[in-house]
Amino acid sequence: MSKTILITGASKGFGRAWTEAFLTKGYNVAATARNVDTLNDLKEKYGNSILPLTLDVNNRAESLEIVQEVKNHFGTIDVLINNAGYALTGAVEEASEKEAREQFETNFFGTLWLTQAVLPIMREQKSGHIIQVSSILGLATLPTGMGLYSASKFAIEGLSETLASEVKQFGINVTLLEPNGYASNIWHTGITSESLPYYDEIKKALAERENIFGKVEATAPAIVNLVENENPPLRLLLGKVALPFVKQSYEQRLESWEKWNDVSVEAHG
């Protein structure tokens with residue numbers, strides 16, 4: 001039976017590559033974007049298998065309406081992929097209130113609104129798979145001026161891990177996708193308006209890391225595999241840099257926690 005997949009941020013990057021991969025496999029895809037004209041070629045090629053929808057994920061009411069429209073159109077929503085998001089680059093000190101709030105509105109709250117919207121449908125059908133696009137920067141940080149982006153992804157990690165335990169009883173799976181850096185325009189869509197010279201070196205380091213970025217299209221088989229797996233993992237790292245980076249970070253954390261454990265135990269009382 002063909003699955004119905006709802007994916008946000010489908011106009012470019014991961015979203016575009018994954019939308020095409022699912023359509024090629026014969027799935028029904030509700031593909032959302034701020035500008036659905038970017039999906040015209042896919043509509044022409046795949047016809048009724050794709051439902052392009054205009055969506056601003058920051059708008060909770062709009063998210064609820066879109067989910068109901070997809071349900072009415074295809075009859076079911078088997079998989080939700082919360083992919084819409086962007087990376088605000090700049091030092092923590094540089095971020096304005098507006099920039100910080102907008103980063104969370106899209107990356108965190110946009111994910112939350114769509115997740116809440118599909119849960120009643122998936123509970124009723126006693127099945128479903130919610131895939132949250134996080135990042136390895138939601139597990140560990142880099143000193144490269146991406147504190148607000150990392151914070152938004154850390155928030156998604158905590159939300160989704162808790163969600164997974166809450167909805168397992170309803171036959172709903174949750175997976176956190178944690179890619180390392182990929183050659184996507186996500187890194188160039190949000191730059192803090194204020195630039196302080198004190199952070200020039202870490203910004204330079206961020207730019208230099210782009211030469212180890214993975215290829216977006218190479219992730220498509222992994223996502224199809226994930227959707228088709230009956231027992232998907234809670235977390236899936238993407239890219240060859242991801243595991244070594246996260247492993248090193250967690251080893252350093254454990255070493256520090258163990259070093260200070262006597263102080264921690266004494267603080268228990």
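**Close-up views of the predicted model**

**View 1. Lys-126, in a loop.** Lys-126 sits in the loop that runs between α4 and β6 (128-133). Helices (H or I, at least four residues) and strands (E, at least two) are DSSP runs, numbered from the N terminus. This is a predicted model, so to speak of a local feature takes a pLDDT of at least 70, side-chain atom pairs count only at pLDDT 80 or more, and totals for chains, interfaces and linings use all residues. Residues are numbered from 1 along each chain as its sequence is written, and side-chain values use heavy atoms, with hydrogens and water left out. Although Lys-126 is not a glycine, its phi is positive, at about 60 degrees. With a relative accessible area of 62%, Lys-126 is exposed; the cut-offs are under 20% for buried, over 50% for exposed and in between for partly exposed (1.4 Å probe, protein chains only).

**View 2. Thr-8, in the loop between β1 (4-7) and α1.** Thr-8 has 1% relative accessibility, so it counts as buried. A polar atom of its side chain lies 2.9 Å from the backbone nitrogen of Asn-83. Setting aside neighbours within four places in sequence, Thr-8 is in contact (heavy atoms within 4.5 Å) with Thr-32, Leu-55, Val-57, Ile-81, Asn-82, Asn-83, Ala-84 and Leu-114. From C-alpha to C-alpha, Thr-8 and Arg-60 are 14 Å apart in space, and they are 52 residues apart in sequence.

**View 3. Helix α3 (residues 60-74) against α4.** Two packed helices are described by the angle between their axes and the distance between the axes. Here the axes come within 9 Å and cross at roughly 35 degrees. Axes are lines fitted to C-alpha atoms, for helices over the stretch in contact, and angles run from 0 to 180 degrees between N-to-C directions. On the α3 side, Arg-60, Ser-63, Leu-64, Val-67 and Lys-71 make the contact, and on the α4 side it's Trp-113, Leu-114, Gln-116, Ala-117, Val-118 and Ile-121.

**View 4. Gln-103, in helix α4 (residues 97-125).** Gln-103 counts as buried because its relative accessibility is 0%. Its side chain reaches the backbone nitrogen of Leu-88 at 2.8 Å. Not counting residues up to four places away in sequence, Gln-103 also touches others, including Phe-108, Leu-148, Tyr-149 and Ser-152.

**View 5. Glu-178, in strand β7 (residues 172-179).** At 0% relative accessibility, Glu-178 is another residue that counts as buried. The Glu-178 and Arg-235 side chains make a polar contact at 3.1 Å. That term covers a pair of N or O atoms within 3.5 Å; within protein, one must be able to donate a hydrogen and the other to accept it, and residues adjacent in sequence count only if both atoms are side-chain atoms.

**View 6. Phe-14 and Trp-18, a stacked aromatic pair.** The two ring centres are 5.0 Å apart, with 15 degrees between the planes. Rings of Phe, Tyr and Trp (its six-membered ring) pair if their centres lie within 6.5 Å; planes under 30 degrees apart count as stacked, over 60 as edge-to-face and the rest as tilted. Both residues are in helix α1 (residues 13-24), four residues apart, about one turn of the helix, and both are buried. Ring pairs link Phe-14, Trp-18 and Tyr-182 into a cluster.
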